[in-house]
2 protein chains.
Amino acid sequence: MSRREEAKAINRARICAAADAIIQHEGMEKLTMRRLAELAGVSLRTPYNLFGSKTDVLIALLDEAEFQLAPLRVAQDQGSAIAHLLGALGKIEAFFDSDEEYYRSIYEAIMTSDHPEARSTSVERAIESSQLLVAQAVASGELRRETDSRSLGRHLAIHLLAVLGMWGSGFFSNGQSIAQVRSGWLAVLLHHCSETVRPSLADAYREACEAKG
Amino acid sequence: MSRREEAKAINRARICAAADAIIQHEGMEKLTMRRLAELAGVSLRTPYNLFGSKTDVLIALLDEAEFQLAPLRVAQDQGSAIAHLLGALGKIEAFFDSDEEYYRSIYEAIMTSDHPEARSTSVERAIESSQLLVAQAVASGELRRETDSRSLGRHLAIHLLAVLGMWGSGFFSNGQSIAQVRSGWLAVLLHHCSETVRPSLADAYREACEAKG
DNA sequence: GAAGTAATTGACACATGTTATAGAAATATT
DNA sequence: AATATTTCTATAACATGTGTCAATTACTTC
């Protein structure tokens with residue numbers, strides 16, 4: 001990395017750190033570009049040079065935290081694809097729980113920003129990941145052969161994103177959100193699964209419904 | 001209505017008409033409070049006095065058009081509650097189809113506004129309506145007795161709102177959106193329905209899946 | 001070390017949603 | 001009819017995200 005790139009990386013990191021600090025200690029409303037530049041010790045223009053927009057800074061914060069539905073993307077060579085799908089929910093929940101209000105406010109800001117491409121990107125990513133996992137579940141026989149994995153994968157991802165969106169708006173707590181998604185997913189998976197896994201999914205569904213309230 | 005209220009109503013109507021005209025002929029980006037006030041022939045403050053915020057003007061536009069998932073709310077005394085649920089989708093589709101780009105841009109603007117309460121309100125309304133219809137379907141025996149109608153109703157509403165949200169972001173076309181919701185709803189309903197209605201729902205489900213693509 | 005290049009800075013500008021203030025006009029109350 | 005209240009207008013202001021542009025600084029290349 002050339003020294004120029006190095007300097008840029010340092011500035012990028014300082015800006016992220018400053019954004020993080022402002023959100024944590026002063027709240028999202030106080031995160032203005034002027035305040036951010038001040039705390040990071042750079043000029044007002046620099047965040048724009050390095051990130052593009054305020055929304056892009058927030059996206060970088062989430063990326064830095066390795067979110068972005070990463071659990072859904074984990075390569076999966078062995079084990080049950082359905083278990084993997086459901087396990088991903090638990091990972092997402094744990095991740096958000098680690099600092100719920102922090103991630104909630106960032107997530108909301110991104111989802112309501114006037115840069116629609118920020119939304120589209122995460123929608124597309126989630127749909128692709130979910131379609132992949134569903135296809136694996138079909139291949140492994142957990143879901144019936146005739147299942148349209150593109151359609152089902154899209155359905156699951158949409159449901160997840162919708163609930164996350166409502167969590168972002170403060171409509172659900174993190175725990176409620178994931179329980180909501182889990183029962184929603186199970187209801188649909190039950191309809192597409194093969195007889196072998198049906199009993200265990202049905203149990204899981206009953207549990208999930210009770211866990212909601 | 002006192003003459004004062006009358007005057008307010010007239011101004012309100014003029015502002016709505018102006019907003020409508022701007023969105024239709026100049027596009028959502030041109031809908032600024034200054035342009036709106038100018039075209040409505042009122043001062044910049046008046047829309048704030050009469051509506052509260054720009055978002056509230058947009059909400060009024062949708063309300064005026066009798067949207068807000070009104071079809072879901074129709075009182076239902078007779079006929080099949082499930083048919084009513086599915087029929088509501090068709091009505092929503094027809095409504096949006098009547099001027100897709102117009103409603104899409106308004107819907108998106110509301111859903112991405114920085115007034116989160118606007119979002120919460122429409123989420124709450126949709127969930128309540130849907131829970132009511134599901135409860136009726138349970139009462140009539142179309143859905144099995146043990147169905148948790150609050151939970152299922154919430155699930156259906158969330159899925160609808162999820163897809164509408166993506167339609168708002170331009171991710172789906174109107175037709176695709178509703179087809180997506182219909183098949184999603186049918187999959188879940190199939191899992192909760194009584195044996196009497198299962199065959200017809202299964203048929204509808206197959207049709208809906210083919211209609212997507 | 002000199003010349004060229006890329007990034008940063010600073011000061012300013014603009015459009016926007018929103019609020020403030022003061023005064024004018026219309027309406028309601030007595 | 002006189003007074004009080006409500007609403008609207010006009011104008012200015014503020015905070016914010018973002019853009020412009022010239023000057024400067026730091027780095028790369030030769």
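Modeller: Happy to! A word on terms before I count anything: a helix here is a DSSP run of H or I with at least four residues, and a strand is a run of E with at least two, numbered from the N terminus. Please also keep in mind that this is a predicted model.

Colleague: Okay, on to the pair. What rotation superposes chain A on chain B?

Modeller: A rotation of 179°, with 0.4 Å of shift along its axis, does it, and the RMSD is 0.2 Å. The two copies are therefore related as by a two-fold rotation axis.

Colleague: How many residues does each chain bring to the contact?

Modeller: Chain A brings 28 residues and chain B brings 26 residues. On the chain A side, the elements giving two or more residues are α8 (116-139), α9 (149-168), α10 (174-192) and α11 (198-212). The largest share, nine residues, comes from α9(A).

Colleague: Now the DNA. Which residues come nearest to DNA strand D?

Modeller: There are 23 residues around DNA strand D, and Ser2(A), Arg3(A), Thr32(A), Lys54(A) and Val42(B) come nearest. Two or more residues each come from α1 (3-26), α2 (33-40) and α3 (45-50) of chain A, along with α1 (3-26) and α3 (45-50) of chain B. By class, the surface near DNA strand D has eight nonpolar, seven polar and eight charged residues.

Colleague: And which are closest to DNA strand C?

Modeller: Ser43(A), Arg45(A), Thr46(A), Ser2(B) and Thr32(B) are the closest of the 23 residues that surround DNA strand C. For the surface near DNA strand C, α1 and α3 of chain A and α1, α2 (33-40) and α3 of chain B each supply at least two residues. The residues of that surface divide into eight nonpolar, seven polar and eight charged.

Colleague: Switching topic: which residues touch the most other members of the largest nonpolar core?

Modeller: That core has 115 residues, and the ones touching the most other members are Ala19(A), Val163(A), Ala19(B), Leu161(B) and Val163(B).

Colleague: What does Ala19(B) touch?

Modeller: Leaving out residues up to four places away in sequence, Ala19(B) touches Leu31(B), Leu36(B), Val57(B) and Leu61(B). Ala19(B) is one of the buried residues in α1(B), which also include Ile15(B), Cys16(B) and Ile22(B). The buried residues of α1(B) pack against α2, α3, α4 (54-64) and α7 (100-111) of chain B.

Colleague: How far does α1(B) reach, and what follows it?

Modeller: With 24 residues, α1(B) reaches 33 Å from its first C-alpha to its last, close to the expected 34 Å. Next comes Gly27(B), with a positive phi near 95°.

Note on methods
Residues numbered from 1 in each chain as written. Chains lettered and ligands numbered in written order. Predicted model: local features only at pLDDT ≥ 70, side-chain atom pairs only at ≥ 80, totals over all residues. Contact = placed C-beta atoms within 7 Å. Least-squares fit on C-alpha atoms with pLDDT ≥ 70 in both. Near = placed C-beta within 6 Å. Nonpolar A, V, L, I, M, F, W, Y, C, P; charged D, E, K, R; others polar. Core = buried A, V, L, I, M, F, W, Y, C linked by C-beta atoms within 7 Å. Buried ≥ 20, exposed ≤ 12 C-beta atoms within 10 Å, placed from the backbone. Expected span 1.5 Å × (residues − 1).
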